[in-house]
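Dear colleague,

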Amino acid sequence: MSISEIKICKPQRKQASQIYKLVEKTKVLDLNSEYLYLLQTTHFKDVCSVAIYEDKVIGFVSAYMIPTEPNTLFIWQVAVDEAYRGNDLARRLIMEIIQREELNVNYLHTTVSPSNKSSIRVFEKVASFYKTEMLSKEFFESSDFLNQHEKEVLYKIGPLNK
């Protein structure tokens, strides 16, 4: 497999079930309903991205524009199939969304559990690419969740110097 053979683009409705299975397969991300992944591939497709290799979804990023913060993209979930990790796909999926001119993204926010070091490194790479800072602060405590869940730290990246 050549990295150039991987296509990164907006998701399509027909890929929702593959995205659901990909997120489920990670065993670390919170699995949402199939309905939500259908919404993400229809209503939110302009702020999400997929990585496709040989017609198979091997990566997915879900995001949304924060309603109260214009030009701020919130990255919700980042999933990369285990067999394709190590190809910088997570960063490339995120960057593909940021670079969409119609979105005019100037800031990037995300939450990450402290134990998820690989995700933190991905966002550090994004901040480094744009030569900007990445600030962090407490956001959700484990007590905010009904079920056992690690706390979530908010990371703010920006301004993005595009």
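**Thr-111 and the cores**

Thr-111 lies in strand β5, where helices (H or I, at least four residues) and strands (E, at least two) are DSSP runs numbered from the N terminus. This is a predicted model, in which local features need pLDDT of at least 70, side-chain atom pairs count only at pLDDT 80 or more, and totals for chains, interfaces and linings use all residues. Residues are numbered from 1 along each chain as its sequence is written, and side-chain values use heavy atoms, with hydrogens and water left out.

Thr-111 is buried, with a relative accessible area of 16%; buried means under 20%, exposed over 50% and partly exposed in between, for a 1.4 Å probe and protein chains only. Leaving out residues up to four places away in sequence, Thr-111 touches Phe-74, Ile-75, Phe-139, Glu-152, Val-153 and Leu-154, contact meaning heavy atoms within 4.5 Å.

The largest nonpolar core has 33 residues, and Leu-73, Ile-75, Leu-89, Ile-94, Ile-98 and Leu-108 have the most contacts inside it. Such a core is a set of buried Ala, Val, Leu, Ile, Met, Phe, Trp, Tyr and Cys residues joined through side-chain atoms within 4.5 Å. The helix α3 gives the most to this core, with seven residues.

Eight of the 10 residues of α3 are buried, so this helix is largely enclosed by the rest of the structure. What covers its buried residues includes β1 (7-9), β2, β3, β4, β5 and α4.

With best wishes
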